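Hi,

Here is the structure I promised to pass on to you.

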Amino acid sequence: MSELDINDKVNEMLHKSEHNAAAAECFEKTFVRPEDEEREVIAPDGSIIKVNPIYDYFSGKKPTEEKPCGGVVEKFLNWARAESIWVLGFGTGCGSIEIPPLMTPRFDAFRFGVQMRPTPRQSNAFIISGYLSVKTLKRVIRSYEQMPSPKYILALGSCTINGGMYYDSYSTINRLDKYLPVDVYIAGCMPRPEALLAGFMKLKELIKAGKAEKANEYARNFDEYKANQKKIIKDWNMPDYNW
Amino acid sequence: MVSPIYIVAAALGVGFAIGVLGKLGKNFSGILALLTIGFMTFVSSEWLYAFYVGNQVPTYIFTAGFKPPISINLLMGPKEAFLTTMVNFIGLLGGIYLFFNFGRKGRNAYVVYMVFLMSLNVVIMTRDIFNLFVFLEISAIATAGLILIERGNRAVGAGFKYIIATSIISSILLIGIIFAYFYTGTLNIDGLVQAHLSTTATGGIAVFLIMIAAVLEMKPFPANGWGLDVYEGSHQGFSAVVSVATATASYYVLYKLLAIAGPVGSQWDYYLALMGAVTFIGSNLLGVKQKFARRLLAYSSIGQLGLLMLILGLRKYLGDNLDYVVLGILITNLFAKTGFFWLAGIVKAKTLKEWAIIRRKPFFLFLMGTFVFALIGFPPFPSFFAKWTMVMNLARQGGFGWIAVILIGSFLEAIYLFRWFGYAVKGEDTYKYDFNIRWHKITPIVILVAALYYAGYLTSQYTELGRMIDFIPLFFVLVLFAIDFLPVAVKNTIAILGMGTYFYFIYPDLDNLRLIFEVIFMVGGILTLIAGYAYKGKRSGFYPVAILMYAGLTGIIQAHTTLEFFFGWELMTAGSYFLIIRGKRSMPHALSYMLFSVAGAYAILAGFGIANIGQAFPSLDIMNNIQYFPNWAYGLLLIGFLTKTASVGLHIWLPGAHGEAESDVSPMVSAILLKAGVFGIVLALIGMSKSDFDLSALAYTLGWIGALTALFGNIGAVFQEDAKRLLAYSSIGQLGYIVFAFAIMTQLGWLTGFTYVINHFLYKAVLFLTVGAIVLRVGTHNMYEMGGLIKKMPWAFFAVLIGIIALSGVPPLSGFTGKWLFYNAIIEKGWYFQGVIAMFAGGIAFLYLYRLIQTIFLGQLKDNHRNVKEISIWFLIPIYTLLTGILVFSYEPQWVLKPLGNMIAQYFPNNGLHWEGSYAYSHLGYWTGAGVAATVSVVFVIAFILLKIMTRKAHKLEQFDIVFSGERPERPETTHIAYNMYAGFYKAVWPLTVPLVERFWTWMSDLVHETAGFVRRIYSGNGQAYMLHIILYIIILYFITIGGNI
Amino acid sequence: MEYLQLGRISLIISFLLIIIGFWGILSQKNIIKIIVSFTILDTGINVLIVSLGYLKGRTAPIIDASVSQGPNHNVLNAIVDPVPQALVLTAIVIGFGVTALLLAYAMKLFKAKRTLEINQFNDLKW
Amino acid sequence: MSIYAKLAYTLLGLFIVLNWGMLMSATFRKIVARVAGRHGIPFYQPWIDLIKNAGVRTTLSHGFMFYLGPVFRFTGAVGMFLFMPALFGSDMWSNFSFQGDLILLLYFQSFGMLGMAIGAGDGGHPHSTIGISRGLAQHAAIELPMILGVISLAIQYHTLSLNEIIAAQQGGFQHWTIFTNPIAGITLLLAALGAMGHSPFNLVKAPNEIPIGPPTEYHGTYLGVLMSSGAILHVIEAALFMNLLFGGATNWLEYIVKTFLIYFYSVFVGVVFPRFKIEQSVVWFFKIPLALGILAILIYSF
């Protein structure tokens, strides 16, 4: 069970169940919220404009791989990236309680060039701090996709690895890397700030070694990731890729 | 020459004939009666012509073969000839108008009508006081009869009150006559005049009784309820005749009898003036509260009677000009009021609001407009010249209080007439009924309107000053009225060509000062007119009024005399009023604009009046040499001009008027029209600089007004949600700077002022044109309903960008030129605090400017604007022409400022600023426009190229591709920060935004309305109460006039 | 007895009539009574005119036997001032006309509202 | 001196100021860290951040004005540097100060601010607009004591030329404006607190309420440009007050020391005092600074 996503399992079971066709249909059907239904507005000249709130407002283009330029320049840049890790201030689960101590005198992650940024546009690291409910996952995906590459994900705690104690919960996901590419897992429930710092060190190593190219992996396997994401998020009301 | 006695003979003869030959058809009788009235008109006009040509002397006509005092005699002099002609002419038109109404009552109605007119003729001509009484009674009886041609209880009630009241008045007159006869032994007016009745106490009573009767015939306020009821209750066709023909006769009765009361300047003059003033102000005040059209006309008529009485009482002041003034007022009242009553008879709308139906037939609107503007005394109507002459003479003779009375009364009249006109032009037309056109009713009105215009022209040509007025632009306006049926492109081309040609011809005659303003008016006008090509269809009525405004503007530039200036000023006011009221929701704003403008114009008029004291000729140069009461004269002139520049306290009309106007009208009235007020202020300040008196206190006050205007205008702009209102408030602020800069009265100050004038013209025209064009595209003024339009309208965006950078005063664009000069000027002058307030206002300007560009162009595009297109090319052409102007003025300010400096050197010592190439040096600092612009441009371009290279692979985003805390925005409306954008700032500065000025004017308005509402309750409708008013009036007047002297 | 000359008595009576007339016009609510008051006022004025033109010991200005027509006798010295007499005649005629018109109006008013109270006819006000 | 040499010196000056600004902002964060008892960032962190920002691979664009925002900001900062003499009495380091006087500087401050505001607005992010609306409101409020102080100085020295104002302060610290005209000096220093934009006047960039306000959509290279402009502006703002109040600088050492002290005066105030709400900060400038400013002018207007 630990290897399988509980949601997949349920889906599978429902597919097979022939007596419970109605329930299966209900479960399969993607749900469009009323405010996301297509609507009509009247233009100043009186003509009618059809608005599709899910697709119209977004660029929605698929991401492309952004290849490292390589060579000594890339090494230099990687060094700078490693020494300047800007973390998106987004606490997704119970592990977010472990992030603030990083900025206190005791742990002081600033020493290592780790800083918090309030907006994904200016961040390059994302700490998934613990369990992810499906609802949060949607926000996490959007925030992650909005970060400019190169970008890194640190998955914090056992919940991001296999669901942890919530493995059979109706509302949380079990394996984060089915949905987003993870650079570093930091195990524990909860891992202490020291472990988090160790994770950062590991990430720095990876970056400096040029191995932290998960953003490109995400672009490469985009369709697969997206299919997984859409399978679990029923009221998908975003573009396929959030620029 | 036909003897005037045939007027009487013909009327009586035909009257008897119709009675005797009863078998004749009604229509035949009617035509016979009309022919008789025509004959009467012919006789009197023949005399008038003879007097006009100049070879005729006044002639006495004796009756019964005796000479006075034994017999009755008539006098046919020039005045009598004129008045009888007018009475008969109106009577003739009235006869045509009422032809079928009379017919319904039977042929005797024609006879009564003829007798009515005949009696008025005799009342005018007779020199026998008892004869006067008799024919007054005859006219009263005839009137009471004719009132009944209107069906319904109201007319009957009104008629009864009328006949009772006139009978009482006649009784008083008769008692007076018999006393006068008892003491003098004569009934001849000339004999009575020579008897000097009023020198004795007992004779004084006779005079009192005669005069009070004559006054009561003029329906003085408040003893005039019966008169109001007749005007309102009787048929409008006949009310017109009563209101003007009877009134004319009554006026002349008073005029004749005043001679009995004493020579010019006697006690009775003063009483008359007093009663006239009370009537003029009182009835116009009550008119303000009136909702019903007919009764409003009645109040207006009585107001005009009061004015005539007032003028007669002021004959001491007016001297030789009395006849000219009376003629101007009387003839306007005759034509306009008659026409108005008849129009009311056709339109048949009861309340003022219902008059909105009139615009279904635009020609009627034109007629109504003519009457309204004529009654209030706008050019080119006779009353304008009359009012001008009157004020000039009063001022010259020191009658300042009377000037105030006349202007206040006229202003009250303007309130209700323009409100009414506003309802007609823009009121909500939700009424089902319509009105019909009958040709016999329209024709007289059209004749009257034509006569009104022609009379205006004649009146102007009568005086030397009037002959100097240039009527060509006005004629062009009339031509545009005539070709109003053509499509918009043709008319636009004609208008542009006309303005261009006119500018070409007057260009050589202008000095530099006038050239700056004329270029703003004319070139600016042509540029804004180009935007008019964007409109489709006919755009009915736009071009005549637009050109009317420009005619006025060029009129004030070309003026050599104060009269020409004021003429142009009033034309400009009228034209801009019509332009403003064209906006969709402009009605209340146009009204407040007009009222402030009228009040301002009256202040200017009074100012010119005071300036004119002791001057030989009222050329415009008298402003440089005011000899008496200079503080008052300049103060009044400045107040007048400040209403046009919308300075604080007088600014409340501007936001609505400019904000609600049409897209290409807003730049006209904001960027161009406001400069007329500035031009006036400049003229006044030039005068003040040359004056021998110490006027620094006035300039100091003006400076503070300017600074506070800048502050409150800009703060007001910050909290607007409506883009055009924001710009309108911004105009208030900018005009505050201009007023402040000119008030500094140094070379630097004036350079600052002119820089701001040019700048404000350029960027405000750009901004208003662009925003107006956008409004045409997106269909809303509210900024929070726009957003993200940069993607749809990049050209418009660039124009606004340059416009706001220039306006904000950020280097390197031209706004900074103004700021830099401003600092130097205020420090040099020592006006630190005013200067700081103005500069602080400049900081606040950033807020509203950013709001303008952000909420319209940036942020989120609204769903319904997805398909909007770039603004019309016809707007872009003038906008980019003006932008070129901004850029040239920014990069090479010395091209304009050097000649400006030389020009200002005529008025102020040329020591503030000198130029070395593009470097400007003042005592305090230095700065180069071209250099700064070059430096900034180079850095900018380099930075831009570098960034562009580094971000060459940028991925283009759509509107919702923004960070939204992990969420997606729901809708553009909820993602666009625009509404109440400066909420935080509001919490800090709200005490400065309390609309104290608005509250003050609202309070004033309420006060006027409440007073009117309270006072008018004396008109209870009860005939007996009206009798009581008459008796009380007599008693009170007795105590005032004679009092304890016996 | 000096005070009770004919002229003076008629003068006093005329003023009394005038005042009564005014009083009636102002105080009576009935339109007919107002009209009557008006005629009283009119009569008062007529009496006033006549009494002002009265000269003691002279006769009416009608040229008949009562005025002796001797060759040296000036007619003008035998009669009172003829002008007020003429005025009175005219005034009476006019008063007649006005009264007739008023009565006609009274009729119309009564037809309109079936009443003759003057304070009922205040449709037009303010 | 040839125009090229002058240009070269100016660019060198700009380079010095840029690096000094970066160092100052690092020191600022170091001080904040030390006040909190932390070790804090390495002093070279701003340079690393700059390099990293330049190396961000994804670049996004909201539109043409979005580009121009940082360009405006940068031009504003560089322009401020150019129009102010870097060192007094030196032809080499006088930059382009011959092109305009103090008024030009006062108004050119707004150039970058306004352009940046428009560029950020093009991003379409509501938080940018909120931040800008606060910034503009605060700027307008700062303007008042600032103008009062500047006018007081102009009256005192009878000039608006910055060079002449510095020249008048030469010859010992007792000639500095802060001592010769202390009221205007204090007014300007209070205004400086707002102009520097540190706490308590930093609601404009409230990091977690409106994710750092105006530049919330800016990333990568754009952010790099903004950061370097900010570094330049920090120094320039301090230099402006140094020139107005503290006798200017005649050599780079003096320049660095004085700007450092002025800058850190605002930093220390910021570390001690918590953040104002926007209406509080606006009203604050209308109280004591305004009163002092009026007093500063009253002294000279009689």
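Where chain D meets chain A, 27 residues of chain D are in contact with 20 residues of chain A. On the chain D side, helix 2 (45-54) and helix 9 (220-245) each supply at least two residues. Helix 2 of chain D gives the most to that side, with 5 residues. Sorted by class, the side of chain D that touches chain A holds 12 nonpolar, 10 polar and 5 charged residues.

Please keep in mind as you read that this is a predicted model. For chain A, the average pLDDT is 83, and 88% of the residues score at least 70. Among the elements of chain A, strand 7 (residues 184-186) has the highest mean pLDDT, at 91, while helix 2 (residues 21-28) of chain A has the lowest, at 55. Where pLDDT is low, the predicted coordinates should not be read in detail.

As for the other chains, 4 pairs of chains touch, and the pair with the most contacts is chains B and D. Chain A and chain C do not touch, and their nearest C-alpha atoms are 48 Å apart. Chain C does not touch chain D either, with 53 Å between their nearest C-alpha atoms.

Now to chain B. Its domain assignment gives domain 1 (128-454) and domain 2 (463-940). The centres of these two domains of chain B, taken over C-alpha atoms, are separated by 41 Å. In chain B, 25 residues of domain 1 are in contact with 26 residues of domain 2. On the domain 1 side, helix 16 (362-376), helix 17 (382-396) and helix 18 (400-426) of chain B each supply at least two residues. Helix 18 of chain B gives the most to that side, with 11 residues. By class, the side of domain 1 of chain B that touches domain 2 divides into 19 nonpolar, 3 polar and 3 charged residues.

As a general point, nonpolar side chains in soluble globular proteins tend to be buried together.

Met211(B) counts as buried because it has 25 C-beta neighbours inside 10 Å, and the cut-off for buried is 20 or more. Apart from its neighbours within four places in sequence, Met211(B) is in contact with Leu257(B), Ala261(B) and Trp268(B). Ser234(B) lies 23 residues from Met211(B) along the chain, and 28 Å separate their C-alpha atoms.

Happy to talk any of this through.

Best wishes

Terms used
Residues numbered from 1 in each chain as written. Chains lettered and ligands numbered in written order. Predicted model: local features only at pLDDT ≥ 70, side-chain atom pairs only at ≥ 80, totals over all residues. Contact = placed C-beta atoms within 7 Å. Helix = DSSP H or I, 4+ residues; strand = E, 2+ residues; numbered from the N terminus. Nonpolar A, V, L, I, M, F, W, Y, C, P; charged D, E, K, R; others polar. pLDDT = per-residue confidence, 0-100. Buried ≥ 20, exposed ≤ 12 C-beta atoms within 10 Å, placed from the backbone. Domains from an automatic or database assignment.
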